[in-house]
Amino acid sequence: MNGPLLYRRGPADALDVSGRDRIAFLQGLTTNDLRTLSAGAIWGAALSPVGKVLFVFRAAIRGDRIRLLLSPGAAGRAAAHLRKYAVFQDVRIEEAPPLLRFDLYGAEPPAPPSAAEAWPPFFELRGTWLVAAGEAGAIEAVLAASGASVIGDEEAEARRIEAGRPEEGKEIDETRTPDEAGLSGAVSTTKGCYVGQEIVARMRTYGRAPRRLVRFVFDGAGPVPAGTRLVRAAEPDPEAGRVTSSAISAGGLVALGYVGRGIADGETLSIAGDPGRAARVEPISP
């Protein structure tokens, strides 16, 4: 989906990590290689010692600090996790001052105004602007002058699903490993040790994840709520998949969810208890 320029405004959660040891500190606690961070941004996650996802973030250099852009509401718990490991290191973890985020969709956005901190494209997003709350009106005026309009929640969700971007609280929680949750692009295979790395490496070396995140394309446009169980026609009892998110797009109903290890791309599953309603399994690109 491209089309006209659209935007979505909402709260931003961010942490600023500063101090002489900031890069080494984050290297030992997150999945991607922060040494490769220069211009732009990098995607990463923090894991528990058993390899489960605690939170995801995008990181960018901002002067003498590294800013972590988090999911809404995640700053407090992310800061608490990082501070547990900050003893005896020259590092400071601070929640950023109150910010708003403008996520941009569709057409090429205009140059960001000086009041906006610009982040590069990410999955379905053409960019993200972070601004102080008092600058929101000025930013909306810039976007309106460029012909932008507000995107609806349903369309924004459809674009996220079609792009295959997992979201915390839906596809990502503390029961999932990165490879299960479609986070392979957020994991470096060469950076060396970090908390949870041994579990990730062992799973990749000795066996596939028991579940994986996929896209479901359903017949018809009727609603399919999160939590809906999917089964194989020949095996109507054991669960083969489960929906985590769904939305109506221009092509019909699309969804994200998990399937078991034995379910192949292109396979058709049915809603448990409703064998007439089927979904095709499609892979999500890393």
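I take partly exposed to mean a relative accessible area between the buried limit, under 20%, and the exposed limit, over 50%. By that rule Arg 204, at 36%, counts as partly exposed. I note that the model is predicted.

**Entry: Arg 204 and Asp 179**

I looked up the partner of Arg 204 and found a salt bridge with Asp 179, the closest N and O atoms being 2.7 Å apart. Arg 204 belongs to helix α5 (residues 197-206), while Asp 179 sits in the loop between α4 (153-163) and α5, so the pair ties together parts 25 residues apart in sequence. Asp 179 has 25% relative accessibility and is also partly exposed.

**Entry: Arg 65 and Asp 16**

I next checked Arg 65, whose side chain meets that of Asp 16 in a salt bridge at 3.2 Å, N to O. The two lie in distant parts of the chain, 49 residues apart: Arg 65 is in strand β4 (residues 65-70) and Asp 16 in strand β1 (residues 6-18). Is Asp 16 buried or exposed? I find Asp 16 buried, because its relative accessible area is 8% and the limit is under 20%. Arg 65, at 28%, is partly exposed.

I then asked which residues are linked with this pair in a network of salt bridges. I listed Arg 62, Arg 67 and Glu 117 alongside Asp 16 and Arg 65.

**Entry: Arg 20 and Asp 90**

I looked at Arg 20 and found a salt bridge with Asp 90, with 3.9 Å between the closest N and O atoms. Since the cut-off is within 4 Å, I count this pair. Both residues are in loops: Arg 20 between β1 and α1 (22-27), Asp 90 between α2 (75-83) and β5 (92-95). The bridge therefore ties together parts that are 70 residues apart in sequence. Arg 20 is exposed, at 66% relative accessibility, whereas Asp 90 is partly exposed, at 26%.

For the model as a whole I noted a count of 29 salt bridges.

**Entry: helix α4**

I turned to α4 and asked which of its residues are buried. I found Ala 156, Glu 157, Ala 158, Arg 159, Arg 160 and Ile 161.

Against what do the buried residues of α4 pack? I recorded strands β1, β6 (99-105), β10 (211-218), β12 (241-249) and β13 (252-260). Strand β1 is also where I had placed Asp 16.

Last, I checked what follows the helix: just after α4, Gly 164 takes a positive phi of about 75 degrees.

Conventions: Residues numbered from 1 in each chain as written. Predicted model: local features only at pLDDT ≥ 70, side-chain atom pairs only at ≥ 80, totals over all residues. Heavy atoms only, no water. Helix = DSSP H or I, 4+ residues; strand = E, 2+ residues; numbered from the N terminus. Buried < 20%, exposed > 50% of the residue type's maximum accessible area, 1.4 Å probe, protein only. Contact = heavy atoms within 4.5 Å.
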